[in-house]
Amino acid sequence: MQPKLHPTTTMLSLLLFHACFLISLADPANTDTGKSIFLLAGQSNMAGRGGVINDKWDGYVPPQSSPSPSILRLSADLNWQPATEPLHRDIDYYRACGVGPGMAFANSLLQMDSNIGVIGLVPCAVGGTNISEWSRGGHLYNQLIRRTQAALEGGGSIKGLLWYQGESDTVSRVDADAYKRRSERFFDHVRSDLLLPTLPIIQVALASGAGSYMEKVREAQLGTWLVNVKTVDAKGLGLEPDRLHLTTPSQVILGEMLAQAFPLAHQSPVSVASEASRSTHHFVTKFLNCIGF
């Protein structure tokens, strides 16, 4: 016969069980399974300079970018932790980081899709980087792949890549002319090395540039014709006094725009291309139908 437990002992055991259960829910390490993981890459406007003046962040976090128990970030030492602004503080550490589009994107996505579960953000952007610095085999590219692989180790799946880069490529005509080819090659290599051939990619068409060839780079971005690549146009969003970086309110708007663009690539069974390429795609499709293909 087994001894009967004293009621007080039983109650303490139950309380201990419930306490451990609640702690497990609060522990980011226990929310790995089923995470929806998003990669954030590019240069300073993706890293976030909202609220940064004279290389100092004002510390203001808008409500749309507030922390949430359902949003995590992968730190520089490859650990999941609650996501807070600035998301890139330990990645783009050469300059002061402020508010970027990532948190507003994640919060908007949670509001739009209650079934998405925990969102894991993987910051990888570094300010001042040229598209050629993101080529396969380089430090930035290798870091992106390494951090993505680490993000998957605890469970979850890669849902998309958010890409905002190109301001540095507006300085040289050679770089601007080569931007479309280099960026599309970058997208292809990322998909290939992650074994995700149709990974949804949402890129941002520039709102500003460091040089005089901004429109050339924008033309390349808006003219991207790759499956499941969608382009969100940031032109017209407000800039900081440096006329290069988006303000905090603009970063919030951009994050919400990215979230609204994502479901088209994520939920639809039909592959989609950037808005700019659709008219050409539809023309070619109709032409082929007319001649019997």
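The model is predicted, so local features need pLDDT of at least 70 and side-chain atom pairs count only at pLDDT 80 or more, while totals for chains, interfaces and linings use all residues. Residues are numbered from 1 along each chain as its sequence is written, and side-chain values use heavy atoms, with hydrogens and water left out.

The whole protein, to begin. There are eight helices and nine strands; these are DSSP runs numbered from the N terminus, helices being H or I with at least four residues and strands E with at least two. Of the 293 residues, 49% are buried, meaning under 20% relative accessible area with a 1.4 Å probe and protein chains only, where exposed is over 50% and partly exposed is in between. Among contacts with a separation of 6 or more, 78% join residues 24 or more positions apart; a contact is heavy atoms within 4.5 Å.

Next, the core. The largest nonpolar core has 64 residues, and Phe38, Leu121, Leu161, Trp163, Tyr164, Phe186 and Leu254 touch the most other members. Such a core is a set of buried Ala, Val, Leu, Ile, Met, Phe, Trp, Tyr and Cys residues joined through side-chain atoms within 4.5 Å. Leaving aside neighbours within four places in sequence, Leu121 is in contact with residues including Phe38, Ile71, Trp80 and Met103.

Phe186 leads us to H5, where Phe186 is among the buried residues, along with Tyr179, Phe187 and Val190. H5 has 21 residues and spans 30 Å from first to last C-alpha, close to the 30 Å expected, which is 1.5 Å times one less than the number of residues. H5 also bends by about 50 degrees at Tyr179, the bend being the angle between axes fitted to the seven residues ending there and the seven starting there. The buried residues of H5 pack against helices H4 and H6 and strands E7, E8 and E9. At the N-terminal end, Ser172 caps H5, with a side-chain oxygen 3.2 Å from the backbone nitrogen of Val174. Just after H5, Leu195 has a positive phi of about 60 degrees.

Where is Ser168? Ser168 sits between strand E7 (157–164) and helix H5 (173–193). Ser168 counts as buried because its relative accessibility is 17%. Beyond residues up to four places away in sequence, Ser168 touches Gln43, Gly128, Thr129 and Asn130. The Ser168 side chain reaches the backbone oxygen of Gly128 at 3.4 Å.

Methods:
Polar contact = N/O pair within 3.5 Å; in protein donor to acceptor, adjacent residues only side chain to side chain.
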